[in-house]
Every structure is written in structure tokens, then in C-alpha cells.
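Here are a few notes to read with the model open beside you. Take them one point at a time and find each piece on screen as you go.

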Amino acid sequence: MVARLVIAAPSSGSGKTTVATGLMAAFAERGLSVSPHKVGPDYIDPGYHALATGRPGRNLDAYLCGTELIAPLFAHGAAGCDLAVVEGVMGLYDGAAGQGELASTAQVAQLLGAPVVLVVDASSQSRSVAALVHGFASWDPRVRIGGVILNKVGSERHEQLLREALDASGVPVLGALRRVKQVRTPSRHLGLVPVAERRAEAVESVAALAEQVRAGCDLEALLALARGAPALAGDAWDPAGAAGGPAGPGAASGRRPVVAVAAGAAFTFSYAEHGELLAAAGAEVVPFDPLRDEALPEGARGVVVGGGFPEVYAPELSANEPLRKAVAELALSGAPVAAECAGLLYLARSLDGQPMCGVLDAEARMSDRLTLGYREAVAVSDSVLAPTGTRLRGHEFHRTVIEPGAGAAPAWGMHLPERRVEGFVQEGVHASFLHTHWAAEPGVARRFVERCAG
């Protein structure tokens, strides 16, 4: 049994991240062990959640992982915790385009049996707030709206009017946050600047959010609401069971192949379960920072380069010529290399004119066009991640392009938003813009480790 709350809103921009991160930090400061979660594929908010709680921020995405894995993945992440706080995505009932409630915050709340706290931007309304809250609370009887937090309240009089209007709604007001100068959380082309790029400032921001929430919210009432959630049925997700145990010829002797995983400010996008699956499949997972480290970890047999912002650090990545050469040599040896989005750009010949690793015969550059959305994908080439025909769901989120967009052996075939092939498979390299969640297909991690150990 884990006490739990889902923090949702009528729409994006209402203050979910402010409230969720502030609650996580405020409860953690009280000595509670708080498990942080984020609905959807977002990588950046979980970094702030992790800073607030001291635990890995974990994603709950019913599109990428399937509805059947939401509760098990939640239970795995929240094991041993006193409280879990789940930040929603977009508006409460918004999900994958054209697919009903799939991947919405409302669906995740149902799957977790968790009460929802609705964060309402009250800056331009008074009595109308009651109609808004009533509409959200009555739209789907399977979703329990357990309370409201009013955000951007202008004054004591404004708060009084809002509370009076909500008295008849049956939904209690659990907090009211004043309209104040926003805590500094700078953004750029793909959302908030990740914690890894502004850690000292981010620590101050999270502390300020905690203070704001403490001053304006009824923490005891929120905790009581969370503790009223029912017990979850079923077992927690287990990376060892999902991976099927250690793989490769060295498994029996305990020899673990070293898998180098890119980290640091330029490569911050990664799901916690990926590293757990690699380790469960028998790898020794060792992080390295392409901005600072001039060599791969000793004995590296494979490399994983996930998402992030290499376009922001292109000159610095390019200047680290020893590491670029080391990555290229390992890739050209046939060793397994999995590159996702930012990793794809790093393996190209150049990024915005700056020399990169040169593993792929392609040029990458920034673009004015945002590519964003869920994707249905099928492996069209046999690779270190998946055999031909493997079907996965993924997500694209980038303002960069690579030319050509696919190699002689593409990585994926997709039909949304249009039919196309994408990515590169060559020797041991699999490089693509597509973000995937390996918990949905743990054989990806096992296959990768087997190739590293072989």
C-alpha cells in the first residue's frame, strides 16, 4: 500500500509542475520518502522531481508501455515509499491524439486507483471556477477528483470569492497559491532547461516551490487524501524477471560486459528502467560524459547514447576529439551502439557544421519545425536491438533534422503521421530519432547485452 496523489489540471500551463514538484519537496522535507512520477513521455520534469525527492523520477506512459504495465511500473518505483506524487500531462482528459483516453492523466489515475487533485489557474475568473470544477469532476465517474488547488490567486478577496463559489461543488479546496513572481525555471526550444544544466539554480527553484506550496496548501489534508487510496492489486514490475536473467556466455562465470551510457548535461534523456534492464540482463552499466571524458569507460563492450540537447553543446562535443574517435572506433569494430535522438545526432558526420563522431554518413542541423508525437513503429532491419518485424510504440520530440533521414538499412518503418522509414542500422549500430521505453519490450535490453557479451 502506497499513499498516492495525481496532480492534474484542466489544461497545460495551469501550474501542475509548480504544485507537483513543490509538494514532492515539501513532503520530503518533512521526512517522508516520496516517490516521484510523471504521466507521459516527458524526460525533463522528472529531473526536477528527482531533485525534490532524492529518488529517480519515473514515467508512466500507457501508450509506450501499455495499460497493463502502469500499475506494476508504479509499484516498482514506489516500493518502500510513504507517498507517491504523480504529475499529469496536458489537461486531465487529454491523451494520445485520436485514441480516446489512452495515455491521459485520467486513465493513469484510474489504473492506479488514485485520487486526483485539480490545479486550476484562477487568475481570470471567480464564480465560474465552480462550473469548471463541476464539469471536470462529473465528466467521468471513474475519475475521483479529491480536491482543488487554486493557482495564481490575486488577493484575499479573490480567494474568498473562489472558495464561496466552490462550496456547493462538493470538491474541497486544498490550497490557494498567490499570483506571485514565478519561480525561475527557464525554458527553451523543447521546454524547461534540464536540471543537469543548471543544478545550483535548480536546487534554489525547487526550494522556492516547496516554500510556496507549504504556505498555500493544506498538507495534512492532502496527505490524508493520498492515504485513502485503495491497495493496488498485482505484483510490482521486476527488471530481473522482465529481462529473463543475465545473458551471454559470461553469465555463468559472473563476467559482466561493460555498457557505457552517455550522461552529463548534453545527454539527460533516459528512462530509469533502461539502466535497470541492462543491469538485470547482465551488464555493468557505467556512465560517461561526452562533454568531459576523453575516453570511454575501461573495457566498454557497447555504448548507449540517449536523448538530450547536443545541439546546445555542439562546439564542446566537437572539441572532445579523443572521445569522438573512441566512439567511432568502437562502432566501426562492430560493437553494439544504440543511439536515440540526441545520440543519432552525435553519431552523424556533423551537427550544425561542427564535426561529430562520423559513424553515420549523414549531416544534422537545427530546424524551425518541431517534430512531436507518438508513433507506431516496426523494425525493418535486423539490429542489435530488435529482429526485423518487431513492433514497438515510440515518441518523437525534436527540432533537428538529419540528411539523409534513413540509411541503406533503415531502423524503423512508421505510418504516422505519414508512411516513412527512418534511422540507420549498420554493423552493430542502431540509430534513430524514435524514443522507446524498453519496459514494453525488455528483449531489447537482453538482445543488446547478449551482443555485448558475445
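**Notes on a sheet and an arginine**

1. Start with the open sheet: six strands, in the order S11-S10-S12-S13-S21-S20, with mixed pairing. Strand S11 (284–288) and strand S20 (424–426) sit at the edges with a single partner strand each, so one side of each has no neighbour in the sheet. From one strand to the next, the twist averages 15 degrees. Bear in mind that this is a predicted model.

2. Now zoom in on one pair. As a reminder, strands of a sheet pair through backbone hydrogen bonds, either parallel or antiparallel. Strand S10 (residues 258–262) and strand S12 (residues 300–305) go for the parallel sense, over four bridges. Look for Val-259, which stands opposite Gly-302 in S12.

3. Which helices lie across these strands? One is helix H11 (residues 272–280), which lies across S10, S11 and S12 and runs at about 140 degrees to S11. Another is helix H15 (residues 443–453), lying across S10, S12 and strand S13 (337–340), at about 150 degrees to S12.

4. Next, hop over to Arg-375, which you'll find in strand S16 (residues 363–379). Is Arg-375 buried or exposed? Its relative accessibility is 5%, and buried means under 20%, so Arg-375 counts as buried.

5. What does Arg-375 touch? Leaving out residues up to four places away in sequence, its contacts include Tyr-63, Leu-392, Met-414, Pro-417 and Leu-434. Glu-396 is also among the residues touched, and a polar contact of 2.7 Å joins the side chains of Arg-375 and Glu-396.

Conventions: Residues numbered from 1 in each chain as written. Predicted model: local features only at pLDDT ≥ 70, side-chain atom pairs only at ≥ 80, totals over all residues. Heavy atoms only, no water. Pairing = 2+ DSSP bridges. Helix = DSSP H or I, 4+ residues; strand = E, 2+ residues; numbered from the N terminus. Axes fitted to C-alpha atoms, helices over the stretch in contact; angles between N-to-C directions. Contact = heavy atoms within 4.5 Å. Buried < 20%, exposed > 50% of the residue type's maximum accessible area, 1.4 Å probe, protein only. Polar contact = N/O pair within 3.5 Å; in protein donor to acceptor, adjacent residues only side chain to side chain.
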